[in-house]
Amino acid sequence: MIALKMDLCDFCGSCVSVCLEDAIELFEARLEIDHDKCTECLRCIKVCPFRALEVKQ
Amino acid sequence: MKQFYDVIVVGAGPAGSTAARVAAENGATVLMLEKDREVGIPVRCAEAVGERGILKVVKIKPEWISTKIKAVRLFAPNGAMISVQHDDIGYVLDRKRFDYDLAMMAAKQGVDVMTRAYAYGLLEKDGFVAGVKFRHLNYDYQIGAKLVVGADGLESRVGRWAGLKTHLKLQDIETCAQMTLTNLDLSSSHCDFYFSKQWAPGGYVWVFPKNKNSANVGLGISGEHAAYKAPIEYLREFIETHFSGASALTTVAGGVPCAPLMEKIVANGLMLVGDAAHQANPISGGGIVTGMIAAKIAGEVAARAVNENNVTEKRLTEYSKLWEKNGGNVHRRAYRLKEAVYKLSDHDLNRTAASLLKKTPEKHTIVNIFKTALMQHPKLIPDVLKVFLG
């Protein structure tokens, strides 16, 4: 499961721009991942400038 | 707020505000929605622009300018420095003021502006986009419109809702980190660029002065490289080496589409502008001017189309075609150059700098710099000329 480290996220939208499943919802200071849509392709983790996303078991 | 508008613009950055203002100036009723609490912040931008480009869209106000740029300097991996000969005047903007004023100018033309208005879907009718679903504070709204303009930046979700492919490939996003540093000793106002796999693989580092002792120091790297090491780590190392002891007034992340020309930026009842339409220059990553030029065209076409009650995709391609002539054609060539330039090794870059330094300083034009760097790619020279000389 992809998890967000809330204290690291800057809400820049880089992850949203590469998400092929449209599984990320970005608000001004909140980010939500739809785990039903997410295929764990890891593209969002790769582009995050602050490494705010991680795989969590 | 009305129950129905001619045009709803999603996103109040420079492209959104320009499209909204121009559409209103040409007679359309317009609503502009911004998800954040305030237009203009946070500033996820290095803030540099060329005067010639901005003047195509708007008269520059002195309060928008932080610094007038005196020189542009490029640093090769080995530290060799080339001072670029150029005739355009450059500015480092105060994006907070700039974005705020552009939205204010739109409001002055009658555009209804709402902040903290979070768009989460589109209304559709008979195969046409017909409005926007959004949440504002505690209430949900479904407001109808003849035409929706997606100016929602990098995320570009409005386009996806209408079926356009706006997702970026990893090699087509520059993922960025920036700090505005202070307590620097900047003797003169020049914009510096550092190229090296060590500091920014598949991208570059920028140091753009905000005043005599502060600068935007940031970098962008290709999304492919970011998988191995995050931009913020590269930035930490660069600052430790070059500006050790400086204080950081802001720290931001960001992403820039440095992508191929998007062939389809309109659909029935929908247009995309700015970063949402991947209109940032794929070599420089600069997206303010290109986005605003496209948005001005989009605003004009939008007003005409809603006035004619014809917002079919076919009708709206007037916008795509005019953008092709006023930026799209250059974009296509710039992307080819980007692909070649980012394949150059540090050794190639050092050799380029050495070769340029043998020539007199007045030969260090941007065209000559690219010609020298791309010596092994003679087929790209027409692209160099077209991109930098127009």
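Visitor: How are helix α7 and helix α8 of chain B packed, and at what angle?

Guide: Good place to start! Two packed helices are described by two quantities, the angle between their axes and the distance between those axes. In this predicted model, α7 (residues 288-307) and α8 (residues 313-341) of chain B meet at about 155°, and their axes are 9 Å apart.

Visitor: What does that angle say about their relative direction, roughly parallel or roughly antiparallel?

Guide: Angles over 145 degrees count as roughly antiparallel, and α7(B) and α8(B) are therefore roughly antiparallel to each other. Their crossing is right-handed.

Visitor: Which residues make the contact?

Guide: On the α7(B) side you can pick out Thr290(B), Ile293(B), Ala294(B), Ile297(B), Ala298(B), Val301(B), Arg304(B) and Ala305(B). From α8(B) come Arg315(B), Leu316(B), Glu318(B), Tyr319(B), Leu322(B), Trp323(B) and Asn326(B). Sorted by class, this contact has 10 nonpolar, 2 polar and 3 charged residues.

Visitor: Let's step back to the chain. How many helices and strands does chain B have?

Guide: Chain B comes to 11 helices and 18 strands. Its radius of gyration is 21 Å, close to the 21 Å that the globule rule gives for 390 residues, so chain B is as compact as a globular protein of that length. The C-alpha trace spans about 65 × 45 × 40 Å along its principal axes.

Visitor: What percentage of chain B is buried?

Guide: Of the 390 residues in chain B, 57% are buried. As for contacts along the sequence, take those between residues at least 6 apart: 71% of them join residues at least 24 apart.

Definitions and conventions
Residues numbered from 1 in each chain as written. Chains lettered and ligands numbered in written order. Predicted model: local features only at pLDDT ≥ 70, side-chain atom pairs only at ≥ 80, totals over all residues. Heavy atoms only, no water. Axes fitted to C-alpha atoms, helices over the stretch in contact; angles between N-to-C directions. Helix = DSSP H or I, 4+ residues; strand = E, 2+ residues; numbered from the N terminus. Parallel < 35°, antiparallel > 145°, perpendicular 65-115°, else oblique. Left-handed = near helix turned anticlockwise from the far one by under 90°. Contact = heavy atoms within 4.5 Å. Nonpolar A, V, L, I, M, F, W, Y, C, P; charged D, E, K, R; others polar. Rg over C-alpha atoms; globule rule 2.2 N^0.38 Å. Buried < 20%, exposed > 50% of the residue type's maximum accessible area, 1.4 Å probe, protein only.
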